[in-house]
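Here is a short briefing on a protein assembly and its ligands. Keep the structure open as you read, and find each part as it comes up.

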Amino acid sequence: MAEAAATAPALLLEGVTCTFPSPDGRGRTYTAVQGASFTVADGEFVSIVGPTGSGKSTLLNVAAGLLAPSEGRALAFGEPIGGINRHAGYMFQADALMPWKSALENVAAGLEFRGVPRREAEERARPWLARVGLERFGDRYPHQLSGGMRKRVALAQTLIVDPRIVLMDEPFSALDIQTRQMMENELLDLWSADRKSVVFITHDLEEAIAMSDRVLVLSAGPGARLIGEYRIALERPRDVAEIRMTPHFLDLHKEIWGLLREEVLKGYAQTRLR
Amino acid sequence: MAEAAATAPALLLEGVTCTFPSPDGRGRTYTAVQGASFTVADGEFVSIVGPTGSGKSTLLNVAAGLLAPSEGRALAFGEPIGGINRHAGYMFQADALMPWKSALENVAAGLEFRGVPRREAEERARPWLARVGLERFGDRYPHQLSGGMRKRVALAQTLIVDPRIVLMDEPFSALDIQTRQMMENELLDLWSADRKSVVFITHDLEEAIAMSDRVLVLSAGPGARLIGEYRIALERPRDVAEIRMTPHFLDLHKEIWGLLREEVLKGYAQTRLR
Amino acid sequence: QTVEKKDLKLAVGGKPLLYYLPLTLAERLGYFKEAGLNVEISDFGGGAKSLQALIGGSADIVTGAYDHTIQMQAKGQPIVAVTQLGRYPGIVLAAVKRAGEIKSIKELKGKKIGVTAPGSSTNFMVNYLLAREGMKPEDVSFIGVGGGPSAIAAIKRGEIDAIANLDPVISQAEADGDIAVIADTRTEKGTLDVYGGPYPAAVLYATPAFIEANPKTTQALVDVFVKTMLWLNKASTEDVLKVLPEEYFLGNKTLYAQAFEHSKPTYSPDGRFTQEGAEAALKVLKAFDPAVAAASIDLSRTYTNRYVEDSLKRLAK
Amino acid sequence: MAAPRSKRLPGRPVILLLQAGVLVGFFLLWHVLTETRILSPFFFGTPLAVLERTVKDFASGVIWYHLGITLLETALAFAIGTVAGIAFGFWFARAPLVSVVFDPYIKAVNALPRVVLAPIFALWLGLGIWSKVALGVTLVFFIVFFNVYQGVKEVSPVVLANARMLGAGSRQLFRHVYLPSALSWVFSSLHTAVGFAMVGAVVGEYLGSSAGLGYRIHQAEGVFDTVGVFSGMLVLTIFVVVIDAVVTLIEKRLLHWRPQEAHTTNAQG
Amino acid sequence: MAAPRSKRLPGRPVILLLQAGVLVGFFLLWHVLTETRILSPFFFGTPLAVLERTVKDFASGVIWYHLGITLLETALAFAIGTVAGIAFGFWFARAPLVSVVFDPYIKAVNALPRVVLAPIFALWLGLGIWSKVALGVTLVFFIVFFNVYQGVKEVSPVVLANARMLGAGSRQLFRHVYLPSALSWVFSSLHTAVGFAMVGAVVGEYLGSSAGLGYRIHQAEGVFDTVGVFSGMLVLTIFVVVIDAVVTLIEKRLLHWRPQEAHTTNAQG
Ligand SMILES: Nc1ncnc2c1ncn2[C@@H]1O[C@H](COP(=O)(O)OP(=O)(O)OP(=O)(O)O)[C@@H](O)[C@H]1O
Ligand SMILES: Nc1ncnc2c1ncn2[C@@H]1O[C@H](COP(=O)(O)OP(=O)(O)OP(=O)(O)O)[C@@H](O)[C@H]1O
Ligand SMILES: [Mg+2]
Ligand SMILES: [Mg+2]
């Protein structure tokens with residue numbers, strides 16, 4: 001078992017199809033993702049890009065064990081994911097902070113849930129808040145924080161518990177470019193320190209390429225499939241700001257961009273009237 | 001009066017300072033914005049950029065009449081804004097759709113509030129949904145939509161009522177680049193058709209420059225001030241994708257970027273531990 | 001004979017109680033209909049509430065305790081009793097066996113006594129007995145236990161040392177062998193022992209205004225009840241059981257029959273009031289109801305035999 | 001964004017079976033306890049007798065008249081109390097000064113024992129059904145009122161601000177924002193209120209009336225007819241469950257937009 | 001994200017003044033109506049007599065013993081009913097099978113008229129305070145239960161999923177997610193429940209007891225002492241308002257995180 005886990009990929013999705021019941025509970029169903037298969041090796045950094053509404057978050061929900069796929073199977077370290085994926089941390093796309101906890105308490109929550117005494121948990125949460133640039137905002141409640149601040153609290157909250165698999169759904173989209181680059185570098189630092197497996201969703205293709213070992217491209221929905229897979233052979237460690245100027249980067253960007261653009265236009269044409 | 005309105009700027013903020021009570025209701029207060037003054041002329045497209053948490057949304061709330069400033073005054077078309085700013089439409093940064101209404105009903109809501117019969121409102125909402133690429137998703141409730149879809153519904157919801165002033169808080173940050181560009185062009189089309197006044201918050205400096213007549217730069221908080229104002233003298237009509245390659249654009253970008261970068265680093269240094 | 005008011009609202013506080021048996025009999029024997037009256041009987045949670053319904057004007061007539069007429073005169077809300085249904089109160093004071101031996105009133109000192117409700121006639125009866133022995137109400141503690149199953153529950157749990165209550169509670173408890181009677185006002189002897197004279201119990205009363213405005217209706221009502229009393233006087237237990245609605249003895253028929261036989265002497269044979277009875281009641285109330293004690297009561301305005309006499313003249317032929 | 005139920009519920013027939021099982025178990029327990037005299041049949045009746053009586057009452061038809069009256073009172077109390085509770089709840093939530101000033105009095109009135117008020121209701125409303133309705137209303141009103149009041153205050157500030165920016169006036173805010181947002185609060189209170197409406201009606205009848213289930217129960221209690229008392233309560237409860245089912249149905253229809261744990265079709269998980 | 005109150009509330013002294021005004025107005029109205037015999041003093045007493053009696057009762061001290069008993073019963077009923085309601089509410093909300101199966105029975109029991117149950121409580125729990133507490137509990141429990149049940153179901157699915165992903169077990173979910181999220185529901189129900197706890201206690205005393213405010217009210221009613229009845233109710237309501245103020249205080253402390261309409265300091269708007 002332990003051996004299997006050692007060789008098994010951190011995440012394995014096989015033929016995953018997600019069909020949602022229609023809004024009114026009966027009638028037509030909506031298939032968001034169709035037969036998606038991919039693996040994330042232990043210690044690998046994988047990004048998923050794709051048009052809006054294609055099913056990226058849905059795939060992440062499956063990987064997190066929050067959503068059971070209609071078809072196909074999902075494994076984490078070789079074990080089927082039934083219920084919550086205990087190996088994973090998940091930074092949600094939507095606001096998911098507990099509104100009744102202050103920023104500091106929100107960051108400390110994961111530790112508390114793991115049995116760390118409250119005091120200690122908060123002590124350990126403090127440097128994390130500082131890391132995301134919010135050390136002076138520990139006593140604020142979520143509704144007293146700006147959109148970008150909430151995202152950063154969520155980032156610290158997810159990473160503090162040191163999950164083996166990190167699932168991130170557009171973590172940096174609410175940040176300005178500079179803060180964003182700092183956070184990206186911070187994340188890469190952390191990642192390279194102990195090689196977590198990361199699944200990273202973003203709309204920023206440059207970000208995806210700059211951060212990842214591999215970029216997966218999802219087609220437009222309905223019935224979105226994985227239509228592209230690009231290995232990013234840029235040397236590490238990387239500085240996300242500098243790497244964008246390298247020729248290899250630009251080539252990759254152009255290639256993926258072309259595919260993506262086509263997909264979006266296709267999807268858009270499908271749903272658009274005029 | 002009518003004359004005053006004709007010559008008065010669409011929005012005028014003068015010495016606006018916003019101080020929030022501290023989280024626990026007593027003790028230290030937090031001044032988000034300090035002495036901000038700016039105008040938005042009738043028909044002008046103004047962007048505000050600034051580090052995360054600096055106070056951009058706060059300024060927009062003041063302009064919308066949702067937040068009374070601690071000091072200073074805010075006028076819309078020469079009249080002080082007391083209560084809701086009736087001339088303005090506001091696309092919020094956070095999810096603000098009514099969860100009990102379907103996408104179509106959400107878009108139609110503004111018309112219904114203005115007394116348009118339900119049927120007709122929904123008929124008129126349909127092309128708007130199509131415009132944002134969601135015509136097949138009219139019967140979905142917000143929680144059944146992806147993050148980017150919700151944003152697009154909100155966009156249609158705000159624009160359908162044809163406000164004279166449009167306030168937009170990071171409207172496109174949850175969209176992929178292609179969809180984003182389409183939406184940007186859509187917005188510019190609409191804007192040029194009847195020259196609304198637009199206040200546009202974004203973290204994407206390129207977007208800010210590509211869209212605006214003027215870009216305002218907010219310093220890092222606390223006590224954020226307006227530290228820069230750039231007139232964007234690019235010819236119109238513009239195509240947001242193409243304009244990014246022009247030399248004037250690149251110059252402007254470099255200039256504002258430099259200022260912004262410095263600001264962010266300063267703000268970050270202030271709040272960061274190590 | 002035409003009456004002024006055909007549709008009447010009659011209020012009663014506990015219709016199935018044996019105390020008000022004549023009312024049910026009158027209804028079941030069809031005497032109201034015979035007299036051309038359409039009487040709607042509303043049943044209340046207690047005598048006080050039916051009285052309030054009368055004062056408030058939602059009821060026209062009430063079958064309730066004679067005490068009320070005195071108490072209301074003291075309150076400046078005159079009401080008049082027009083016929084008597086019960087001549088003995090029917091209240092029994094008994095010791096609860098589980099709680100130990102109590103034989104005399106004196107032994108009640110410091111004990112817990114269950115009464116139907118604080119301030120009710122059962123409470124006054126005990127107060128009166130205590131006073132005769134030179135004791136004060138404060139020497140015992142009273143607990144309201146109600147007049148239904150809750151009273152039985154209190155006895156069975158031995159929570160009270162003695163109980164002052166009415167039938168069918170008493171008969172039920174006697175049948176179960178749970179109590180020993182100390183004073184029994186279901187009989188002439190017992191009533192005389194306790195009160196020193198007859199003590200009017202259930203009566204039919206109304207406001208003077210109603211009686212004045214509807215003399216014929218009043219007469220018709222009194223006719224009905226006098227006729228009922230006369231019938232009851234002659235009837236056997238079986239006759240009565242036959243007339244009563246089945247629901248009344250669904251609980252336990254033999255018990256009901258027993259309780260009825262115990263209570264039979266309490267019913268007035270002819271509906272007449274006596275002055276000594278009224279005086280006995282006044283004496284008791286004066287001792288314990290501060291409002292009555294403070295007022296000067298004109299007993300002649302609390303009851304009238306006029307209608308009864310008239311009825312008897314016609315009916316007792 | 002999506003949490004699957006840890007265990008899927010079994011199908012409808014299984015649930016009905018389980019419910020029936022609980023019922024049968026309850027009656028069995030009752031039967032055994034009274035048979036063995038652990039519970040005295042004098043106080044608790046026996047289930048067989050109670051069922052028999054109930055069936056007989058329905059068969060002979062005597063119960064319908066009383067049931068009809070009680071149901072009418074219940075329905076009226078429920079309707080009036082609910083409408084008043086919703087109206088006042090919204091009014092108070094939207095008029096902070098009124099709410100702050102009257103708050104202690106509302107709470108005080110809520111604490112008045114209704115039993116004591118019964119004569120006053122009888123005085124004002126007569127002995128007919130209205131005094132019973134009034135009693136029910138005083139129970140229902142407060143339950144609904146407090147929940148609506150709280151429900152309105154819980155409206156998401158962002159959604160509210162959005163609607164206001166879209167030009168909603170106070171009427172439209174009510175219809176399009178406050179009401180739908182507070183609906184789950186309203187329905188939560190209605191589930192309690194249905195029961196209390198019936199309690200009000202029955203207690204009113206019990207305290208003074210000439211018809212209705214409460215009247216029948218009172219009569220039965222007066223002659224120690226425990227079986228009759230329990231039979232009356234059985235009929236009561238059956239009908240309250242029916243009324244509540246109607247409320248639930250309406251709730252499901254009105255709250256169908258509610259975000260539920262997301263799930264896919266045919267998920268094996 | 002921010003909606004300023006349309007009108008700012010006046011300061012605390014003004015509000016207290018207004019509240020006192022309402023009270024005085026109420027007593028004045030009562031006085032005038034009874035003086036002019038529009039309301040009969042027999043049913044409504046007169047305010048002066050009621051106040052005088054109340055003051056006298058407190059001065060002579062007789063009331064304290066009865067009040068103490070009633071308050072004890074109220075507090076116990078409130079505490080037990082609330083804890084049970086919260087516990088069962090959570091349990092039902094988290095155990096869908098249990099909730100689905102027992103749902104109709106819970107609603108049925110809620111509809112039982114408590115007055116009829118009084119003898120059974122007296123039988124089981126005696127005539128002491130516990131039978132009154134039981135009556136109060138049966139009222140409080142359901143109000144709290146239904147609100148907690150609904151409150152738990154209203155927990156934001158995203159926040160819930162987030163906590164689960166952070167490794168919260170079912171205990172921690174309870175403490176860190178369900179409980180805080182449902183708190184406003186709980187408090188909403190508590191405001192109703194306080195009143196009903198007192199109603200339960202008083203009605204219980206009214207139906208059979210040897211002490212307590214309900215006992216005194218019943219006693220006064222027995223001798224048609226309306227002033228005594230109203231004086232008893234007055235004392236009741238005063239104390240319920242006090243208890244409720246305590247609940248509100250706790251509520252404010254526990255729910256201080258609640259997003260309110262954003263406002264700035266010293267805003268002139
Ligand atoms: N609970 C649900 N019920 C029905 N449909 C749903 C549900 N959740 C998601 N969907 C649908 O599934 C599709 C994919 O949604 P998803 O959230 O995975 O998109 P996404 O790729 O994350 O988009 P974005 O980039 O905008 O966040 C969308 O069309 C959405 O409407
Ligand atoms: N209601 C409030 N109470 C206290 N502080 C607040 C409140 N609202 C905002 N703030 C503070 O004001 C500052 C500015 O917030 P604002 O939301 O305007 O930032 P922003 O520029 O929009 O940031 P972002 O780009 O992250 O959205 C932040 O530090 C925030 O914590
Ligand atoms: Mg998404
Ligand atoms: Mg913002």
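Predicted model: local features only at pLDDT ≥ 70, side-chain atom pairs only at ≥ 80, totals over all residues.

**Chains that touch**

- Eight pairs of chains do touch.
- Which pair has the most contacts? It is the pair of chains D and E.

**The magnesium ion in chain A**

- Ligand 3 is a magnesium ion, and its coordinating atoms are OG of S57(A) and OE1 of Q93(A).
- These atoms sit at 1.9 to 2.1 Å from the ion.
- S57(A) belongs to helix 2 (residues 56–64) of chain A. Q93(A) is in the loop between strand 6 (88–91) and helix 3 (103–113) of chain A.
- The two residues are 36 residues apart, and the pair links distant parts of the chain.
- Are these two residues buried or exposed? S57(A) and Q93(A) are both buried.

**The magnesium ion in chain B**

- Ligand 4 is a magnesium ion with S57(B) (OG) and Q93(B) (OE1) as its protein donors. They lie 1.9 to 2.1 Å from the ion.
- S57(B) is in helix 2 of chain B and Q93(B) is in the loop between strand 6 (88–91) and helix 3, so the pair ties together parts 36 residues apart in sequence.
- Why does S57(B) count as buried? Its relative accessibility is 15%, and buried means under 20%.
- Q93(B) has a relative accessibility of 15%, so Q93(B) counts as buried by the cut-off of 20%.

**Ligand 2, between chains**

- Where does ligand 2 lie? It lies between chains A, B and E.
- There are 22 residues around ligand 2. Those that come nearest are R140(A), S146(A), K56(B), S57(B) and T58(B).
- Some elements each supply at least two residues of the shell around ligand 2. They are helix 5 (147–160) of chain A, and strand 2 (30–40) and helix 2 (56–64) of chain B.
- An N or O atom in the side chain of T52(B) is 2.9 Å from an oxygen atom of ligand 2.
- G55(B) uses its backbone: an N or O atom there lies 2.8 Å from an oxygen atom of the ligand.
- For H203(B), an N or O atom in the side chain is 3.1 Å from an oxygen atom of ligand 2.
- On its own, ligand 2 has 640 Å² of accessible area, and the protein covers 94% of it.

**Helix 4 of chain B**

- Helix 4 of chain B runs over residues 118–131 and has 14 residues.
- From first C-alpha to last, helix 4 of chain B reaches 20 Å, close to the 20 Å expected at 1.5 Å a residue.
- Which residues of helix 4 of chain B are buried? They are A121(B), E122(B), A125(B), W128(B), L129(B) and A130(B).
- An α-helix has 3.6 residues a turn, so residues three or four places apart point the same way.
- The cover over the buried residues includes helix 3 (103–113), helix 5 (147–160) and helix 6 (177–194) of chain B.
- G133(B) follows helix 4 of chain B, and its phi is positive, near 75°.

**A glycine in chain D**

- G68(D) is part of helix 4 (residues 62–94) of chain D.
- The relative accessible area of G68(D) is 36%, so this residue is partly exposed.
- G68(D) and V22(D) are 46 residues apart along the chain, and 28 Å separates their C-alpha atoms.

How values were computed:
Residues numbered from 1 in each chain as written. Chains lettered and ligands numbered in written order. Heavy atoms only, no water. Helix = DSSP H or I, 4+ residues; strand = E, 2+ residues; numbered from the N terminus. Expected span 1.5 Å × (residues − 1). Buried < 20%, exposed > 50% of the residue type's maximum accessible area, 1.4 Å probe, protein only. Contact = heavy atoms within 4.5 Å. Donors = N, O, S within 2.8 Å, 3.2 Å for Na, K, Ca; no water. Near = heavy atom within 4 Å. Polar contact = N/O pair within 3.5 Å; in protein donor to acceptor, adjacent residues only side chain to side chain. Areas by Shrake-Rupley, 256 points an atom, 1.4 Å probe, with all protein chains shown as cover.
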